[in-house]
Amino acid sequence: MLKVVGSALLLLLVSSGLPPAAQAVPGHEPPGPVGPRSLGVPLQDVLLIGGTVGTMPDGRRVIWSASSGTPAYLNAVDPTSGAPLLSAALPGSSGAYGVEQAPDGTVYAGTYGAGRLYRLAPGATEAEDLGVPIAGEAYIWNIVVAPDGTVYGGTSPGGKVFSWNPTTRTFHDFGVMAAGETYVKSIAYANGKIYAGAYASWAITELDLATGAKRPLPQPPGLTDPTGKVVNDLRAYGSYLYAREGTFPGPLRVYDLAAGTWSDTVDGAAGLDVTPPGPDGRVWFFRQFEAGSAELIGYDPVSRGQQRTGLKAYGRIVNTRGIGWDGTSVVGLFWRGLMFRYDTTTGQFETKRAGVPGQPTQVLALASGPRGTVYAGGFLQGGLAAVSTKDGAADYHQFSQIESLLPTRQGLVVGAYPDARVYRYDPAKPWYSSEYSDTAPGGVENPVKLLDLKAHVQSRPQGVAETAGKVVVGSTPSGNTLGGTLSVLNARTGAVERVTDQLVTDEGITSMTAGRPGVVYGGTTVAGGLSTTPPTQDRATVFAYDVVHGKKLWEVNPSAAAKTISAVTTDARGRLWAIVDGDVLELDTRTGRTLRTFDTTPGHSQAGQLALDDKGRTLYALVGGEHVIKVDTNRKKWQPLLDQPALRMVYNAGELVFARDAELIAWRVSKR
C-alpha cells in the first residue's frame with residue numbers, strides 16, 4: 001500500500017465490521033439499544049520510534065522511519081526536503097522500535113503488537129510479513145543487521161534473541177540471554193558477536209554467534225545497584241560499544257571492545273541513537289545540558305572530547321533512533337515528525353516539518369464530560385481530544401500517553417504515562433504543553449502538572465476519583481517492581497497532600513471510585529510494572545480508604561482466581577459494584593463482603609468497565625471486552641443488553657460510547 005488510508009475510508013472499513021443492534025427483550029421497556037453509530041477516529045498523530053538512515057534503490061539517501069498507529073507504516077523521507085517518498089503498511093502491527101537496512105538494500109522492521117518481522121525488498125512498494133520469529137514473543141524491541149545480511153532481534157516476554165537468514169528464509173532461536181530477564185530491549189552486533197541489553201536491570205549479554213556461548217559484560221564503574229537500570233539503547237561501531245542507561249535522559253556508557261573495559265560515561269544522553277562514526281571518528285547524538293531541551297554534540301571515543309553545535313531539540317522526550325549521514329550532514333527525524341540537518345563542515349543547521357502523515361491512535365482512556373461530550377486519551381502516540389457525540393467532531397491536542405481522565409469543577413484531571421504524572425487541564429483556556437511541543441518554549445502551561453511519582457517508581461495512574469475536596473490517584477508500579485501508590489491532592493489548589501506507597505502490599509491500583517463523602521474504593525492487580533517480577537500475592541483486592549483521616553478501612557479478596565480487578569463504581573444510593581472474573585458483584589461498603597453476584601459471563605475475564613446512567617440507578621457493565629450487561633441497581637436484576645467489542649465504555653446523555661481500538665462507537669440505550 002503506497003499511501004495512508006484516508007480517514008473516511010478507514011471509518012467505512014471499521015464500521016463495516018460492527019455487530020448488529022441487539023434485539024429488545026420481549027415485554028421490556030424502554031426499547032432495546034439502537035446502534036452502532038460511528039463517531040470516527042478522534043486521535044491521530046505522528047509518532048516515529050524506529051528508524052535508520054539509508055538509501056533508495058536509485059542511490060538517493062533517505063531516512064527510513066516507522067510511524068506508530070493502527071496499522072503502523074514504514075516510511076521513506078527525503079533528508080533535504082522532508083517529503084515522503086514511500087509509505088508501506090505493516091498490517092497487524094502497531095509500531096516498530098527496530099528499523100534497519102541490510103547491505104543489499106532490504107529494509108527490515110521489527111514490530112510490536114504481535115511481534116512480527118517485516119521486510120521491504122529494494123524497489124518493492126509493499127512490505128512482506130515474515131511472521132513471528134519465536135512463538136509466544138509478542139514484542140520485537142530492536143533489530144540489527146550483520147554484514148552478511150543476517151537479521152538479529154531481541155524480544156519479550158521471553159528475553160530472547162532470534163536471527164533471520166535471508167538465504168534460507170528461516171528463523172533461529174538463540175534462547176534467553178540472561179537468567180531472570182524477560183526483555184531484550186536493545187541489541188548490537190560487532191565482530192561476530194551480539195550484545196543484548198535487558199530492560200528490568202542493567203545487564204548486557206555477549207553472545208558468540210560461532211559457539212553460542214554467552215557471557216555477561218562487567219558493570220560500568222560507579223553502578224552500585226543494577227536494579228531498574230535499563231539498557232535502553234545499544235550501538236557498536238568499530239571497537240566501541242555505546243550503551244545508554246535509563247530513559248530520558250540517561251548516561252551513555254562507552255565500552256572498549258578491544259580492551260574489554262568501560263572507557264567513558266557521557267551524562268545526559270537524550271537518546272535514542274548515535275550515528276555511525278564520521279571521517280574523523282566522531283559519533284553524534286543529542287545530550288541534555290538543561291531541562292526541557294537537548295543539543296546535538298559530536299563525541300570522540302578516543303580523546304573523549306565533545307563538540308557542541310547549538311542545534312537543539314525541545315520537549316520532554318527526544319527520540320532520534322534513525323540518525324545518520326547524508327554526505328557531510330548529520331540528519332534524522334524526531335519522534336513527532338520534525339526533521340533536522342546539521343552540516344559538520346560548515347556548522348549550519350536547520351529543522352523542518354517532514355511530510356509523514358499521522359496515524360490513528362488507539363483510545364486508552366475515555367471519560368464522560370458535559371452533555372454531548374466525551375474525552376478520549378491515546379495510547380503511545382498519546383493525545384487528548386474532546387469529542388462531540390453528535391457528529392464526532394474532535395478538538396485534538398498533542399500530549400503524552402493517557403491512562404485516566406476525570407472531569408472535575410476545577411478542570412479535567414489527566415493521568416499520564418510514564419512516571420504516573422497527573423495534570424489538570426482548563427478547557428476554557430488555550431492549550432499549551434512545553435513538554436509535548438517540539439519547538440522552543442513560549443506559552444502558559446495548560447495542562448499544569450500536579451503530581452510526578454517517578455521517585456516512587458510508579459508508572460500508570462489508572463485509578464482517579466474525587467471526594468471531600470480531594471483528588472485521589474491510584475497507580476501501578478514501573479520497572480522490575482511490585483506495589484502501587486495512593487496519592488491525595490487538594491482539588492482546589494492541586495497541592496499534593498499525601499503519598500502512600502504499598503497501600504495494598506505488592507499490588508498496583510488499577511481502578512477507583514468515590515463513595516460516601518471522604519471515602520474511596522479501589523481495585524488492584526497483583527502484577528508488577530513489567531510483569532518481570534513474580535507476584536507475591538495470589539489474588540486481587542478491593543479496598544476502602546478514608547481520605548480525610550488517611551487510613552485504609554478494609555481490604556478483601558472477592559475471588560480466589562482474579563489477578564486484576566479493573567472496574568469499581570458506586571451508584572446513586574452509595575452501593576459498591578465491581579467486575580470480578582467477568583461477573584458483576586455488589587459489595588458491602590462497610591466491610592467489603594460480597595452481597596450479591598451476577599454470573600453474567602461464562603469463564604473468567606480480567607477485562608471490565610462500568611458506567612452509570614445520569615440518575616445513577618442503571619448500571620452498564622462491559623465484561624470480557626465484548627458483552628454489555630444492564631443492571632437495575634434498585635431491583636437487583638440484570639439482563640444482557642448488547643455485544644460490542646471494546647476496550648473502554650462510558651455513558652453520556654442516553655448513549656453508551658465505546659472505544660474500539662482507534663474508533664469511538666455510540667449506542668443509544670434510553671430515551672431522553
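**Close-up views of the predicted model**

**View 1. Surroundings of V414.** In this predicted model, V414 is in contact with F399, I402, S404, L405, R421, V422 and Y423, leaving aside residues up to four places away in sequence.

**View 2. The largest nonpolar core.** This core has 26 residues. Those that touch the most other members are Y199, L384, F399, I402, L405, L412 and V414. At least two residues of the core come from each of the strands β31 (363-368), β35 (401-408), β36 (411-417) and β37 (421-425). The largest contribution is that of β36, which supplies three residues. In soluble globular proteins, nonpolar side chains tend to be buried together.

**View 3. The open sheet β15-β16-β17-β18.** Four strands make up this open sheet, in the order given in the title, with antiparallel pairing. The edge positions are taken by β15 (184-190) and β18 (214-216). Each of these two strands has a single partner strand, so one of its sides has no neighbour in the sheet. On average, neighbouring strands of the sheet are turned by 25° against each other, with direction ignored.

**View 4. Pairing of β17 with β18.** Strand β17 covers residues 204-208 and pairs with β18 in the antiparallel sense. The pairing runs over three bridges. Strands of a sheet pair through backbone hydrogen bonds, either parallel or antiparallel.

How values were computed. Residues are numbered from 1 along each chain as its sequence is written. This is a predicted model: local features need pLDDT of at least 70, side-chain atom pairs count only at pLDDT 80 or more; totals for chains, interfaces and linings use all residues. Side-chain values use heavy atoms; hydrogens and water are left out. A nonpolar core is a set of buried Ala, Val, Leu, Ile, Met, Phe, Trp, Tyr and Cys residues joined through side-chain atoms within 4.5 Å. Buried means under 20% relative accessible area, exposed over 50%, partly exposed in between (1.4 Å probe, protein chains only). Contact means heavy atoms within 4.5 Å. Two strands pair if DSSP finds at least two bridges between them. Axes are lines fitted to C-alpha atoms, for helices over the stretch in contact, and angles run from 0 to 180 degrees between N-to-C directions.
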